[in-house]
Amino acid sequence: MKKHLKNNKSKLKYIFRISIISALLLIVFLGVIYAVSNFSTKGELNDDGEINYADVSLLQLHLIHLKELPEDKLENADINSDGEITITDLNLLIKKIEKTLEYEATVRNIEANNYYPNKNEEITLNLDMDVSYNIEIKTITIDGKEYEIVRNEQNQNLYEVKLNVGDTQGVKEYKIEKITLINEQEIKLNKSVKVDVLKSQPRIENWTLTEDLEKSELNISFDIVDSDGAVNTEIASETIMNGEYVIIEKNEETENSEETNYIQQGAVKLGTNNINVKVEENKKYQILVEVPYNLDTGTLEQEGDNSGRLKKDEELALIKDYHFQLSNIKTYKEDKEDTISEEFNVDEHIIVKFESTNVTEYLLQSAIINGKKYELTKEEDSNIYSTFIDGFDSAGNNNIKIEKVTLGNGKEFEVNQDKQVKIIKNTPTVARFRSHENTAEKNMDMLIFIKDKDKTITNLTVKLVDENNNEITSKDLTEYLKDENLNDSEEEDIKNTYYINTRLYSRRIF
């Protein structure tokens with residue numbers, strides 16, 4: 001590659017140009033780092049780059065003191081790295097050449113840096129292990145899958161393996177089956193280590209407050225969601241089912257004293273809960289919901305306390321008229337939040353802002369927009385709320401409809417206000433471009449990845465121009481824009497791009 005780049009400097013400069021709408025050119029240079037094992041050089045005594053019987057002869061002469069090895073070769077002659085050069089090293093060298101060396105691994109201990117990881121968390125397994133002749137380990141196989149293994153720089157007997165625990169809760173046993181050495185030989189192992197992947201925390205969702213003014217009653221509705229069964233039934237007694245709630249009256253007297261004025265209390269359960277409570281207008285109340293849980297299985301030898309209590313603490317009040325208002329809906333681009341925009345690309349995220357007021361101290365927390373719930377953020381020292389919403393998947397005029405908003409106390413308001421925006425197709429781009437010059441054959445190979453998500457390209461041409469923008473040669477590539485040429489790579493920059501591998505011919509290039 002370096003030679004190729006150097007040669008280009010002495011030749012006619014030229015530029016690739018791909019003719020598509022608003023195309024960009026991205027060239028990526030990749031570097032390669034090579035690692036060399038110390039054991040791989042053991043026995044190499046004559047600097048010929050090979051380990052063979054010529055090296056055996058040199059070691060024999062050294063051992064019988066007929067011809068001493070140079071000082072810089074003594075380390076390579078010490079095959080077993082015991083600090084001495086003996087007949088044992090000669091035998092090992094012969095076995096290494098004949099590939100009859102027997103390798104062993106002794107695993108003294110295996111530990112995890114975290115025995116109670118969350119789902120999809122990366123953990124590190126630490127292996128305290130000796131390997132024959134101190135040879136480097138290439139990979140380790142755990143549960144049938146190969147992983148990279150790294151030697152600890154401070155302790156040469158410690159090795160580290162990083163792996164992701166996945167998205168399933170519960171005890172997971174990792175069975176270590178074998179290690180593969182740098183010379184591709186394998187050593188069978190039969191070791192294991194267990195971790196306890198934590199359950200997801202239970203949560204309270206769909207908190208809603210409604211008022212019955214005629215009955216002077218508040219209705220609090222909410223769901224307790226426990227997808228992994230973390231709610232601790234051993235802690236939660238039968239009398240409170242899965243948890244409990246209490247409602248108290250708040251006033252200056254109770255806040256400044258140890259006495260608590262309990263209005264109502266009771267049990268809560270998994271699933272939907274509905275609580276009705278009699279209250280008085282112009283008084284403040286508080287509801288506290290608590291649900292105990294334990295996120296681990298309690299079966300590992302390693303200690304870990306992953307228990308806790310899910311808590312929800314909200315103020316309550318009977319309010320006849322909130323004087324709620326919402327107006328002035330505006331839209332913005334993510335990278336231009338200070339400039340109003342009503343035109344967006346397909347699938348481009350949209351910032352929605354609007355003004356809203358009410359007579360209480362409660363702020364808006366969420367909004368239902370086009371059927372999906374979004375959290376709201378209030379701008380400082382203003383009545384403006386904002387959120388990011390998903391983009392539209394089709395071009396044309398589309399409506400952003402704010403259907404419903406919810407205050408911090410759970411009070412909901414129907415809004416049903418629309419804002420129209422125009423959605424346009426995405427501009428195609430060159431996601432990746434590589435070229436290789438074939439001087440002898442007077443041609444140039446090119447690898448091009450074109451991203452055209454919305455299929456807007458009608459004609460695709462690659463042109464070669466000189467430094468004065470004069471065209472040298474060109475080629476029509478439109479025929480490559482077919483679904484069968486779409487790239488299914490997982491690399492984000494070239495995912496779902498058109499893969500084009502082509503060649504340009506021109507005598508003027510070379």
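In which sense do strand 29 and strand 30 pair, and over how many bridges? Strand 29 (residues 461-466) and strand 30 (residues 471-476) are antiparallel partners, joined over 5 bridges; strands count as paired if DSSP finds at least two bridges between them. Leu464 has Thr473 of strand 30 as its bridge partner. The hairpin leaves 4 residues between the strands, and Asn469 there takes a positive phi near 70°.

A word on what you're looking at: this is a predicted model, where local features need pLDDT of at least 70, side-chain atom pairs count only at pLDDT 80 or more, and totals for chains, interfaces and linings use all residues. Residues are numbered from 1 along each chain as its sequence is written, and side-chain values use heavy atoms, with hydrogens and water left out. Helices (H or I, at least four residues) and strands (E, at least two) are DSSP runs, numbered from the N terminus.

Now find the open sheet, where 5 antiparallel strands run in the order 18-17-20-24-23. Strand 18 (336-340) and strand 23 (377-378) sit at the edges with a single partner strand each, so one side of each has no neighbour in the sheet. Further in, strand 20 (residues 350-357) and strand 24 (residues 384-389) pair over 6 bridges, with Ile351 opposite Phe388.

Over in helix 5 (residues 87-97), Asp89, Leu90, Leu92, Leu93 and Lys96 are buried, meaning under 20% relative accessible area with a 1.4 Å probe, protein chains only. Those buried residues fall within an arc of 165° down the axis, so they line one face of the helix; the arc is taken from the directions from the helix axis to the C-beta atoms.

Note on methods:
Buried means under 20% relative accessible area, exposed over 50%, partly exposed in between (1.4 Å probe, protein chains only).
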